[in-house]
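Please look over the sequence and the model below. The paragraphs that follow go through a helix, a core and the salt bridges.

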Amino acid sequence: MNNTMEKTTNDSMSGMMNSSFFGEFDKNADEPIKKECAIKGLICGRINLLDEEIEEAHKEFSVAFHNERYSQKTYEADEKCKMLKAQKDVLVLVQRDIEDMLTPNDNSVMPMSA
């Protein structure tokens, strides 16, 4: 019984020591994931930059509105805020669409019932 137990322990240890246990994957399978992550990262980074630009635009609008409510600067600052928000909204929609494309669909795995 001791030999069987040692053999089982050795087998399980050797299985744990293979490369997949340490998070390494086949190099060919890893390449598409890197590209997908890079694309998602670029989109997230641009969304974060737009958030900062929107915050600055709100400050500019606030100053312009405080100085003179109906001036050209107020209208320009308001338009800049709207444009930046629209850009962010488009990127958020693209981000969701990409995530939906990359996420496996649970319905395709479910067997059909009779």
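How far apart are the end C-alpha atoms of α3, and what should its 31 residues span? The end C-alpha atoms of α3 are 45 Å apart, which agrees with the 45 Å that its 31 residues should span at 1.5 Å a residue (the expected span is 1.5 Å times one less than the number of residues). Helices here are DSSP runs of H or I, at least four residues, numbered from the N terminus.

This is a predicted model, in which local features need pLDDT of at least 70 and side-chain atom pairs count only at pLDDT 80 or more, while totals for chains, interfaces and linings use all residues. Residues are numbered from 1 along each chain as its sequence is written, and side-chain values use heavy atoms, without hydrogens and water.

The largest nonpolar core has five residues: Leu50, Ile54, Ala57, Cys81 and Leu84. Such a core is a set of buried Ala, Val, Leu, Ile, Met, Phe, Trp, Tyr and Cys residues joined through side-chain atoms within 4.5 Å; buried means under 20% relative accessible area, exposed over 50%, and partly exposed in between (1.4 Å probe, protein chains only). Two or more core residues come from each of α2 (27-67) and α3 (72-102), and α2 gives the largest share, three.

The whole structure holds six salt bridges (a side-chain nitrogen of Lys or Arg within 4 Å of a carboxyl oxygen of Asp or Glu). One of them joins Lys80 to Glu60, with the closest N and O atoms 3.6 Å apart. Lys80 lies in α3 and Glu60 in α2, so this pair ties together parts 20 residues apart in sequence.
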